[in-house]
Amino acid sequence: MKKLFLFILFTGFLVVSKAQYFQTGQDPAYLKWRQINTKNFQIIFPDYYETQAQKLAVVMEKVYLVGGKTLNYKPKKISIILHTQTVKSNGLVAWAPKRVELYTIPHQGIYAQNWVEQLAIHEFRHVVQIDKVNSELPKILKAIFGEQGTALFFGVYVPWWFIEGDAVVIETALSNSGRGRFPSFLMEHKALAVEKGNYKYDKAYNDSYKNYVPDHYQLGYYMVGATRERYGAELWNSVLDRVGKKPLSLNPLNKVLKQKTGLNKVQLYDSIFEDLRNKWIEEDKTFRPVNFEVISPVNNTYSSYRYNHWLNDTTLVTFKTALNETPSFVKINLNGNEKRIITPGIIFNESVNCRGEWLVWSEQIADARWEHSGKSLINLLNVENKHNLSFFPEFTAFAPSISPDFNSIAVVESNFSNDFFLSVYQVPNGKLLNRFQTEHNNYLFSPEWLNEKEIAVIVLLPQGKRIAKLNLESKQFEILLDKDYGELKNLRIINRSIYFVGSHSGKDALYRFDLVNKTVFQVYEPRFGLESPAFSSDGKSLVLSDYTSDGFRLIKIQQNNLNEEEITNLPKQKYLLAESLAKQESGVLDFTNTDTSQYQSGKYRKVAHLFNFHSWAPAAVDEVSYEITPGLSVMSQNKLGTAHLNLGYEWNTTEKTGNFFGKYSYKGWYPIFDFDINTGRNASEFAVIERTKNSFGEIVKQDTVFKRFTWVNTNVGADVRIPFNFSRGKYSRLLQPEVKYEYTWYKHNSSTPDGFFEGNFQSFTYRLYFQQFLRRSAQDVYPNFGFVLDGIYRHTPTGNTDLGMLRLAQTTIYFPGFKPNHGIRIYASSQNKNNTGGVGFSEAIRYPRGWGKINTNQMVSLASDYKFPVFYPEWSVGGLVYLKRVNASIFADYGHLNGNIYKNGEVTGIFKTNISSYGIELTGDANFLRFYAPVEIGFRSSYLPETKNIYLDFLFSINFKSL
C-alpha cells in the first residue's frame, strides 16, 4: 500500500508540476506597469489601465468578504496580474508561484454580468480553495517543498470537477446570472441523459475520443451543487480540511464523502446523475415537437452545425465542428449533401455573419512574439466566386455584421482599456466610418442591421441583457425591449420583426419581437436547446441548429408549422438548483457603487521584481523537462512570467557523483535569453588487465577488470532565440532563429587516466527552425498536413581545442492516411561532421529505431510512420486505469553511415554501411489513477535486418496540454 501511495504521489507531482510551473506567456516589453495594494490583494496592471484596475480593487475586496463563506476561509494576500491585450478571454489561479492572472477583454459568450466581475468571483473561489488546503498542511511539508508542496497535494487529491464546479456554483450563487442559469451550459448533460443515458464516472471525468463528453465545469456544477443541496454547503469545506490536514492519506475526498453521505465519489456521481436523469426524462415527456425536417447529414461522430445562412432556396452555409474533422464552413443542400468551403482560423465566439453570397467572420491573430497580445482579423468570403477580402480593425473586434448594401461591416470592439464600441468599417479597405460608445460604456452583443442607418444590438445593463437600437446618423441609442428574457443572442431581422434566441423558458428558444406593436412571441421551444436561426428569402422556411446528444443538427420548419405564443404574464423560468445554492450564500453581490478613490497606485518596477523564490525541494527538479532526480533545488519565477531561475544540486545515482547547476531564463525582451551552468564530478570506467605472478615472476593468472575514475566537468552556456509565432488561418506556424554558446572545461582528478581529455573547448551553435501544421481534430493522430524544417550548424571558432564542425538539415512532413484520422509521417535528414582531433561533436541526427549511435563523418537518415487509431475501448479498471484509445504505428527506418576507422587513435580507413529497422508501435491513450492529464503508454518492437535482432522499447509520455 505504501508503494502504491508513493507512485500516486510521484505521478501527481509530475502532473501538478506542469500545471503549476507553467507560465502563460509574456506581455509586450514596452508596457509600463503599476500596482495597487489593498488589504488582501496586489493588483499589477499596465499604466493605461488605472481606472479599471481601481474598480477591480474595489470589486475584489467586496468578493473577499463573502466569496469564502461556505468554505469557512479567508485567504492570505495574493497578487493579481492583468493581461489587457490578449485575444483570449479567460482567468486562472496558479500556485508555485501563487498568483491570479486575468485576461480582461470580454467575449460574446459571457453571461449577463460585467466580465471582470465574473472573473473576480470565479477566480477568487479558486484562491480560497487552494489557500485553504495550504493553511491546513503540516508546516514541515511546506518547509520542505515551498509553494509546490501545496500545489502537489491539492492537484493529487482534489479532482478538476470539484475545482471548477465549486467556482461555477459560487459565480451562480453570488450573482443573478452565472453559468448555473445558462441553458446552453446546462443542456448537454440533459440531452445525453435523456437520449443515451449517463456515462460511467471515468468517462464522464476523463473524457473520450469516441464521444463528446461535457467538460469538468458542467460535470462539476452538478456534482458540487447537487451535493450541497442534499447534504449542506459545509460538506466540501470538510473535504478540503481533510486534504490539508491528512496529506499522506490515500483518498481524503472519498473518506469525507463516506462519512457524510455514505457514498464514495463514484457512487455519489451515479446517485446524482441517476436522479437528474429520472427528473429530466419526466420533463422530456411534456415536450411537444412541431413538424420539422432534419436536413443535416447523419455523422458517425459528434458533429455540430452553427452560424446558419440560406445561400439560396436549396442551399445553406453553416459552420461545422466535429470530433473527427477540423472546423470548417460547409455548404449543405436540402438533400443533406455536404461540401467544404473553407477552413478558417480560430474564430471568436459568436463572430460569424452572412448576407447574400458573402460570409464574414472575425478570427484571432496571435502576436508574433508576445503570448499576451494579439489582434483580430475580419475576413470576408464570397461563397460563390471564392473572392476573399480581409482587414484589421483598430481594436479587438467581435460579431461582424454585413450592411444591406454590402459596403460596411459593423463590429463590437474593445480596446485595451476596456472601452466598448459599436464600430462600422468600410469594405474593402477597412476604413473606420463610424464609432459609438454608450453613456455608461456598456458591453454590446450580436449587432444586426435594421436598415442602412440603424443597427439592432444586445446591450448589457446592470439589470441584464436588453435589445436596443442605434441610429448611426443621430447617434441616438434606444432600448427597444426593456424586459428580462434571460440570456439573449443571435439577432435576426425579418420584415418588421427582430427574432432572437432567449432563455425565458429555461431553454434557449426562439422569440420574435414585433417592432410595430412592441409585443414578444415565443416562436419555437426546442427539446434541449437551439441557436443560429436562419430564414429563407421568402420567410416561409426556418432553419435552426437544434441540440441533441450527437451535437447541433440542422432542422427545417415551415412557417405555418410554428405556433407562436405571445409572452404577456408568463413568468420567467426558475433555475431551482441555482436558487437553492444562492440561499446558502450571503446574497447577490452589489457592484453598482464602487468608490475608486480609496486606493493609491504606484509604479511596479520590473527590474526590482526579477526574482520571486517560491519553491524548493529535496530533489533536483527540471522545470523544462519536468524530470525529477535526487538532489536539492530552489526555484524562482517572477510574477510577470519573464524571469525564471532554478538552482540546485543533482546526484547521479548511476555514476554516484554530484553536480551543482544553475539555469536562468529571461523572456521580457523580444529575444529570449537562457543561461546555464553545471559543475561537478563525472565518473566512468576503463578496462585494466591485472596479472598475478608466482615467486618466479611467472604469470599464473590474468583478469580484465574495470576501474572507476572521475573528473571535474564544468559547462557554461548562453543561448539567445526569438520564437516568432506566425500562425494564421488554419495553420499554426513557428519560426525560431537561435544562437548558442557553450564553454566546457575538463579537469583531472587523481584517478583520471592520463589519456583522458583535459582542457577546455568552446562551441557556437546556429539553428533555424520552422514548423507549419494544419489544425488537428480531436481524433487525428497526426496533423493532416504539416512540415518541420530544421537546420543546425556547430563549430568552434575560438578556444584551444578544435571540435571540428557539424551540419545538420532535417525535415518532417505529415500527410493524411488512407482513412480519416489516420496519418503518415516522413522524416529525412542529412548530417556532415568532421573532427580535427580526438574530441568532436556528438551525433545530432536521428538514428533508425533500435540502433545505438556511433561516431560518423556523414550520415543520411530516413524514416516513415503510418499511425492510426485501432479502436476506442473505454475500459476502466477500478480507479487505476481508464483506457480511451489504442493506437498502432507501422514504421520503417533507414540510415547510411560514413565514418573513420581508428586504430591506436589514428585513422586507418573509412567505413560505409547501411543500417535499417522496421516494426510496430502499439500505444494506448489512458488516464492513470484518475489524473486528468492523459498518458500515452505502450511498446515498440523493432527488427534490425543487418543484425537479425529484435528489440523492445517501453514508450511513455504525458499530454499536459489537456490541463
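**Close-up views of a predicted model**

**View 1. Helices α2 and α3 cross at roughly 40 degrees.** In this predicted model, the axes of helix α2 (residues 50-66) and helix α3 (residues 115-136) come within 10 Å of each other. The crossing in which α2 passes α3 is right-handed. On the α2 side the contact involves Leu56, Val59, Met60, Val63 and Tyr64, and these meet Val116, Glu117, Ala120, Ile121 and Phe124 of α3. Sorted by class, the contact of α2 with α3 comprises 9 nonpolar residues and 1 charged residue, with no polar ones.

**View 2. Helix α9 meets helix α12 at roughly 90 degrees.** The axes of α9 (residues 216-231) and α12 (residues 265-284) come within 10 Å, and the crossing angle makes α9 roughly perpendicular to α12. From α9, the residues that make the contact are Leu219, Tyr222, Met223, Ala226, Thr227, Arg230 and Tyr231, while α12 contributes Lys265, Leu268, Tyr269, Ser271, Ile272, Phe273, Asp275, Leu276 and Trp280. The residues of this contact between α9 and α12 divide into 11 nonpolar, 2 polar and 3 charged.

**View 3. An open sheet of 4 strands is ordered β6-β29-β28-β27.** The pairing in this sheet is antiparallel, and its edge strands, each of which pairs on one side only, are β6 (293-294) and β27 (530-535). Within the sheet, strand β28 (residues 541-548) and strand β29 (residues 551-558) run antiparallel and are joined by 8 bridges; one of the bridge pairs links Thr548 with Gly551 in β29. Helix α7 (residues 183-195) packs on the sheet, where α7 touches β28 and β29, and the direction of α7 makes about 80 degrees with that of β28.

**View 4. Strands β7 and β8 form a hairpin with 4 residues between them.** Strand β7 (residues 303-310) is mostly covered, with 8 of its 8 residues buried. Over 6 bridges, β7 pairs with strand β8 (residues 315-322) in the antiparallel sense, and Ser303 has Ala322 in β8 as its bridge partner.

**View 5. Strands β15 and β16 form a hairpin with 5 residues between them.** Strand β15 (residues 396-402) is largely enclosed by the rest of the structure, because 7 of its 7 residues are buried. The strand β16 (residues 408-414) runs antiparallel to β15 and is joined to β15 by 5 bridges, and Ala397 stands opposite Glu413 in β16. In the turn of this hairpin, Phe406 has a positive phi of about 65 degrees.

**View 6. Val501 lies in strand β24 (residues 497-502).** The relative accessibility of Val501 is 0%, and Val501 therefore counts as buried. When neighbours within four places in sequence are left aside, Val501 is in contact with Glu487, Leu488, Lys489, Asn490, Asp508, Ala509, Leu530, Glu531 and Pro533.

Notes
Residues are numbered from 1 along each chain as its sequence is written. This is a predicted model: local features need pLDDT of at least 70, side-chain atom pairs count only at pLDDT 80 or more; totals for chains, interfaces and linings use all residues. Side-chain values use heavy atoms; hydrogens and water are left out. Axes are lines fitted to C-alpha atoms, for helices over the stretch in contact, and angles run from 0 to 180 degrees between N-to-C directions. Helices (H or I, at least four residues) and strands (E, at least two) are DSSP runs, numbered from the N terminus. A crossing is left-handed if the near helix is turned anticlockwise from the far one by less than a right angle, and right-handed if clockwise. Contact means heavy atoms within 4.5 Å. Ala, Val, Leu, Ile, Met, Phe, Trp, Tyr, Cys and Pro count as nonpolar, Asp, Glu, Lys and Arg as charged, and the others, Gly among them, as polar. Two strands pair if DSSP finds at least two bridges between them. Buried means under 20% relative accessible area, exposed over 50%, partly exposed in between (1.4 Å probe, protein chains only). Angles under 35 degrees count as roughly parallel, over 145 as roughly antiparallel, 65 to 115 as roughly perpendicular and the rest as oblique.
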